[in-house]
Amino acid sequence: MRWLTWRQFRIPALAAAVLLILAGGYLLSLGSDIREAYDTYQSHCDDPGDCARAENEFRESYKNTLLFLAAGLNLIPVAIGTFWGAPLIARELETGTHRLVWNQTVTRRRWLLTKLAIIAVACVLVAGLTSAMLTWAAAPYDEVAQDRFSTLVFGARHIAPIGYAVLAFTLGAIIGLLIRRTLPAMAVTSVVVIAIQFAAPNFVRPELLSPEAAAVPMTAETINQATNLGNITGGASIGGVQVPGAPDAWVSSTSPLRTADGQPLDKATFNDCLDTPPDTGAGGRFGDAAVCLGDLDLHVAIEYQPGERYWPLQGLETGLFLALSALLASFGVWYIRRVS
Amino acid sequence: MPTEDRSLLLHAAGLTKRYGRHRALNDIHLAIPPGRIVGLVGPNGAGKSTLLHLACGLSTPTSGTLRILGARPAADAVHLARVGFVAQDTPTYATLTVAEHLRLGAKLNPSWDHHLAQRRITQVGLRPRQKAGRLSGGQRAQLALTIAAAKRPELLIFDEPAAALDPLARDEFLASLTAFVAELGASGILSSHLLSDVERICDYLVVLCAGRIQLAGAVDELLSNHHRLVLPPGEIDRLPHGIELIRLEHVHGRATALVRADADASLGRYPVEPVTLEELALSYLGRATTSESHGVDGTGGDAI
């Protein structure tokens, strides 16, 4: 059974190996570029003003490339689910070869489990190696940027991609077993995997460990550390608030701006501060608006995961996805006995 | 019959398979002794494929039981090794070569007979490096047959294997099939809607129509207890005890009846002609189709 699995899988495996080598070469050169740029930025750090400017320059020159690469790495599970997972069983059922192979001296259960196991190992290798290379290449940038919890980055570093890849593959295989047609199974799989990639960071990851809660006072200083004020409905909201004293914490939810008595700040006051703040000549990202809002004695309630939970969260998310994959495989073993 | 069950080739009791509301097989009772080459005949949609898929474990019964060589079909790897199956369209992996198919067989079957497989491939002229996807229908059927046979099963099952083949390829395929069964000392079950195929290689006949068994028995017994009688007018309703009318035909103003006679029934009064297996099967099929609307229970299984 191992021989047959490998024989049927060798062309996809070869394609993956070639892509892996190409990606490795590129990431190696990118990684050394980033290290060189990092050293240049560090060499400017004898003078604090120079240092901040150099840091900004360093971040800006790699921000988009690395974001693009993180998005690219997020495509690997989609590709694996669609091209390795979905056709695995669906193509056999579609072409009728299951009637050949299921009458050899191998039970369906062993046939399925061997296929799933061998290709799952390939998924671990592909996702794990790509992630390791990207994590290495981006390490100096990540250290400076402190955004390892951001949606795209968290799922494209360390071990998290492994969980996504294995789950996408198993899901694809089981969807193929249920739908029994290759192309529809591929289409459904790609949609489901993308839905999981959207849902997991937004709805699952924040709940893996129960978040800490805090009320953050909105001084002009904390407002200037945030990334945006207001939203398209004109509500009194603020985004990108940092936990005071813990810039590496992951803020997973932020309430609208609240007044000292806990009531939401009314829109009119908020918009007055935003549009026509008293002129104080203050600097910072939001300038006079930050001073105007800071004088209102506001606060927001936030939920956050402290920075030291990065690895527990990586482990939990990966573990959860691997457990789901095992569950799907068991369902497949149960279901395949009923296929005729 | 638990003790007898173990030695039977096929034993069905109340076997029913439903697809939605359609009953593909309806309360089948059948017991076939080992060592036979069984021909399963019936029109399209009679339930032949359903029965064979149940027999090799590709599908499971809705109700009733089926035992093949004394065990549930495809119960485990050991039982899978004992039964070889060649599916209707003889599926193979299009991208694998002939040699790789043999390797597949060798890897997946502990009992694989390498020499048998090699010899057969050479005999039928299959080139080892040819991709299965580029083989002709006849060649592909030969390859599928070789894979099924080289694991040395005790029973080989063929689902309409020759249906899609041209006459020459079909002839070669049936010759291979017979040779394999003889060489392995195996039993065989072959479904076909071509009565001539069955007549040529089978020694046991099962007639299936509309999901029910119409007739089942060893060919020599069936031929010896079925007869064609030429009856004078008026005699049809006065057949002696022990003679069952299967089908009546009027040819050139005289009535000929195909009848089943018990061993001790006397036929002396009428001119008797022998019947061929083809006539026999057609008579039962004809009776089944005309009497279907009257709800006649096909109890031909009693003939065993």
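Colleague: Into which domains is chain B divided?
Modeller: The bounds come from an automatic or database domain assignment. This is a predicted model, in which local features need pLDDT of at least 70 and side-chain atom pairs count only at pLDDT 80 or more, while totals for chains, interfaces and linings use all residues. Residues are numbered from 1 along each chain as its sequence is written, and chains are lettered from A and ligands numbered from 1 in the order in which they are written. Chain B is divided into domain 1 (2-209) and domain 2 (219-297).

Colleague: How many residues does each domain of chain B give to the contact?
Modeller: The C-alpha centres of the two domains of chain B lie 33 Å apart. Two residues are in contact if their C-beta atoms, placed from the backbone, lie within 7 Å. The contact takes from domain 1 of chain B eleven residues, and from domain 2 of chain B nine residues.

Colleague: Which element gives the largest share of the side of domain 1 of chain B that touches domain 2 of chain B?
Modeller: Helices (H or I, at least four residues) and strands (E, at least two) are DSSP runs, numbered from the N terminus. The elements that give two or more residues to this side are α8 (195-201) and β8 (204-209) of chain B. The largest share, four residues, comes from β8(B).

Colleague: What is the strand order of the open sheet of four strands in chain B?
Modeller: Two strands pair if DSSP finds at least two bridges between them. The edge strands, each of which pairs on one side only, are β11 (243-251) and β13 (272-273) of chain B. The pairing is antiparallel, and the order in chain B is β11-β12-β10-β13.

Colleague: Which residue in β13(B) is the bridge partner of Arg228(B)?
Modeller: Strand β10 (residues 226-231) of chain B runs antiparallel to β13(B), and two bridges join them. In β13(B), the partner of Arg228(B) is Glu273(B).

Colleague: Which element gives the largest share of the side of chain B that touches chain A?
Modeller: The contact between the chains takes 27 residues from chain B and 16 residues from chain A. On the side of chain B, α3 (77-82), β5 (83-86) and α4 (98-108) are the elements that give two or more residues. The largest share, six residues, comes from α4(B).

Colleague: What distance separates the centres of domain 1 and domain 2 of chain A?
Modeller: The domain assignment of chain A gives domain 1 (2-207 + 310-336) and domain 2 (212-305). Taken over C-alpha atoms, their centres are separated by 37 Å.
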